Amino acid sequence: MDVRITTRAELALRGIRQDVEVERPDGAGPSDDGHVLVDGANAALPRNPDSPYTVRDGKVWLGDETGALTDTGLSLIPVRRPRFYDLTTADGTRYEQIARLHGSDVLATTVVQTCIRYAEADRCRFCTIEESLRSGATVAAKTPAQLAEVAEAAVRLDGVQQMVMTTGTTTGPDRGARNLVRSVRAVLEAVPGLPIQVQCEPPGNLAWIRELHEAGATAIGIHVESLDDEVRRRWMPGKSTVPMAEYEAAWDEAVRVFGPNRVSTYLLVGLGEDPDELVAGAGKLIDRGVYPFVVPFRPMRGTLAARDGIEAPSAELLRYVTEGVAAKLRAAGMSGADQKAGCAACGACSVLKMAGG
Ligand code: SF4
């Protein structure tokens, strides 16, 4: 067992006792973190005053009850606040409300910050997509022109290397893909060649996958979160109405259109799925050319799960699943970095990279 992977898993779950400059307080998906570099790799870690981990002299230290500190051997550098956060569009929207820095070099945006599945009965139990809207941290819909303006500045001023565009699910049969197509086109006109990953539910009409690729997207994430239908119904009452067969058809079409190792999905650890079934399911995804981005569930502030007192998984469970999936990725010659854009390429929200995936 690699002790560094265990420590990285503990950090992902228990976080660090330190203020960091770049954070995303809430938003789509499962993150709520400060952005740092752990041993040079992007890492999104919770800030937690009760964490036993602390940062001093650029290193991570583990404290005990007596206050004694042990060097974990991991280095940690906070990501600096990017310069583009200080800019504002002509219509008075702060760039920071349009897109944010993830890790040290990823620009991330939620193109449509509302979701048809956000009513309490339907909402994914781990998601806070509309909370950041209520707090004023973001705006409901980002126009293609706004995204292009911010992307150009983020690349020029802060050396951004890739962009992630996600969306809340919209009412039309494209489920949000149409807005992504327009946004990708506009950004690539402003910043030719920027690798972009798009993320959406399986579009009702699979032709949208080709449209996204033709617009210039490099990679696509079609996120199922769990492969277990009982877990899906419990955690994602709205999203689970899209049957697994639709996900499988969308993944296969995406692999056909985008090519090998350009398609990914999130799998959350800690939703109650059997760990061996989770690893085996990830193996089947790898066989069909889909990168399973394994991420710990964490009860973020503002989620229904946090309200209901559901706890994060143990570091041991996260390590077990991460190492199992990383071994399968290595055997298949699949690495997150080769996705070129997106969460698997960034890796901050997962321990997979440290485990060799
Ligand atoms: S893994 Fe994805 S969600 Fe997490 S910080 Fe990187 S780009 Fe953002």
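Trainee: Which residue in the turn of the hairpin formed by strand 4 and strand 5 has a positive phi?
Mentor: That's Asp 57, with a phi of about 55°. The hairpin has two residues between its strands. Strands here are DSSP runs of E with at least two residues, helices are runs of H or I with at least four, and both are numbered from the N terminus. Before we go on, this is a predicted model: local features need pLDDT of at least 70, side-chain atom pairs count only at pLDDT 80 or more, and totals for chains, interfaces and linings use all residues. Residues are numbered from 1 along each chain as its sequence is written, and side-chain values use heavy atoms, with hydrogens and water left out.

Trainee: OK! Do strand 4 and strand 5 run parallel or antiparallel?
Mentor: Antiparallel, with four bridges joining strand 4 (residues 53-56) to strand 5 (residues 59-63). Two strands count as paired if DSSP finds at least two bridges between them. Arg 56 sits opposite Lys 59, and Val 55 has Val 60 as its bridge partner.

Trainee: And how many bridges are there between strand 5 and strand 6?
Mentor: Four, and that pair is antiparallel as well; strand 6 covers residues 69-78. Leu 62 is bridged to Thr 70 in strand 6, while the partner of Gly 63 is Leu 69.

Trainee: How many residues lie between the strands in that hairpin?
Mentor: Five, and Gly 67 takes a positive phi near 95° in the hairpin of strand 5 and strand 6.

Trainee: Switching topic: what's the strand order in the open sheet?
Mentor: Seven strands line up as 7-8-9-10-11-12-13, with mixed pairing. Strand 7 (100-102) and strand 13 (290-296) are the edge strands, and each pairs on one side only.

Trainee: Which way do strand 8 and strand 9 run, parallel or antiparallel?
Mentor: Parallel, with five bridges between strand 8 (residues 106-110) and strand 9 (residues 162-166). Val 106 has Gln 162 in strand 9 as its bridge partner.

Trainee: What surrounds the ligand?
Mentor: Val 106 turns up again there, along with His 35, His 102, Val 164, Tyr 266, Phe 293, Cys 343, Cys 346, Ala 348 and Cys 349.

Trainee: What about pockets? Which residues lie nearest the centre of the largest pocket?
Mentor: Leu 13, Pro 46, Asn 48, Arg 298 and Pro 299, out of 10 lining residues. On a 1 Å grid over the protein atoms alone, a pocket is an open set of points where a 1.4 Å probe fits, with protein on both sides within 12 Å along at least five of seven lines, and lining residues have an atom within 4 Å of a point. This lining has four nonpolar, one polar and five charged residues.

Trainee: And what lines the second largest pocket?
Mentor: The lining includes Leu 227, Asp 228, Met 244, Trp 251 and Arg 288. Helix 8 (244-258) and helix 9 (275-287) are the elements that give two or more residues, and helix 9 gives the largest share, five. By class, the lining has five nonpolar, one polar and six charged residues.

Trainee: Last one: where is Asp 158?
Mentor: In helix 4 (residues 144-158). Leaving aside neighbours within four places in sequence, Asp 158 is in contact (heavy atoms within 4.5 Å) with Pro 82, Arg 83, Phe 84 and Ala 153. The C-alpha atoms of Asp 158 and Tyr 85 are separated by 10.0 Å, though these residues are 73 residues apart along the chain.

Terms used: A residue is near a molecule or strand if one of its heavy atoms lies within 4 Å of it. Ala, Val, Leu, Ile, Met, Phe, Trp, Tyr, Cys and Pro count as nonpolar, Asp, Glu, Lys and Arg as charged, and the others, Gly among them, as polar.
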